[in-house]
Amino acid sequence: MSVAEMKLAAINEISKLNNEAAVKEILDHLVKISKAENTKFDTEAFFEKAAEKYDDILQKLAQ
């Protein structure tokens, strides 16, 4: 099943729910997952910034 198909299936199942608490719980969980995906640590960007900031120190350490 593709991601698009899974999204549609999830929407269909959510639309069947009549329990406000259950829908709120699902929504809260989706928001939490979305925030976690957007805040993943970018290792490459971190090391590029460190290299720019501490270039001379890193060169001395490499020697």
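This is a predicted model: local features need pLDDT of at least 70, side-chain atom pairs count only at pLDDT 80 or more; totals for chains, interfaces and linings use all residues.
A helix here is a DSSP run of H or I with at least four residues, and helices are numbered from the N terminus.

Side chains of opposite charge can pair when their charged atoms come close. Two salt bridges are counted in this structure. One of them joins K16 to E13, with the closest N and O atoms 3.2 Å apart. Both residues belong to helix α1, which spans residues 3-16, and they sit three residues apart, about one turn of the helix. K16 has 57% relative accessibility and so counts as exposed, while E13, at 47%, counts as partly exposed.

Moving on to helix α2 (residues 20-38), we find D28 and K24 four residues apart, again about one turn of the helix. These two form a salt bridge whose closest N and O atoms are 3.2 Å apart. D28 is partly exposed at 40% relative accessibility, and K24 is partly exposed too, with a relative accessible area of 48%.

Next comes helix α3, residues 43-53, where E44 is found. E44 counts as exposed because its relative accessibility is 57%, and the cut-off for exposed is over 50%. Together with D42, E48 and E52, E44 forms a negative surface patch.

Our last stop is the one aromatic pair that the structure holds. The ring centres of F46 and F47 lie 5.2 Å apart and the planes meet at 80 degrees, so the pair is edge-to-face. F46 is partly exposed, with a relative accessible area of 43%, whereas F47 counts as exposed at 53% relative accessibility.

Methods
Residues are numbered from 1 along each chain as its sequence is written. Side-chain values use heavy atoms; hydrogens and water are left out. Rings of Phe, Tyr and Trp (its six-membered ring) pair if their centres lie within 6.5 Å; planes under 30 degrees apart count as stacked, over 60 as edge-to-face and the rest as tilted. Buried means under 20% relative accessible area, exposed over 50%, partly exposed in between (1.4 Å probe, protein chains only). Patches are made of residues with over 30% relative accessible area and no salt bridge: like charges are joined within 9 Å, nonpolar side chains (Val, Leu, Ile, Met, Phe, Trp, Tyr) within 5 Å. Accessible areas come from the Shrake-Rupley method with a 1.4 Å probe; for residues, only the protein chains shown count as cover. A salt bridge is a side-chain nitrogen of Lys or Arg within 4 Å of a carboxyl oxygen of Asp or Glu. Lys and Arg count as positive and Asp and Glu as negative; His and the chain ends are not counted. The place of a charge is taken as NZ of Lys, CZ of Arg, CG of Asp or CD of Glu. Helices (H or I, at least four residues) and strands (E, at least two) are DSSP runs, numbered from the N terminus.
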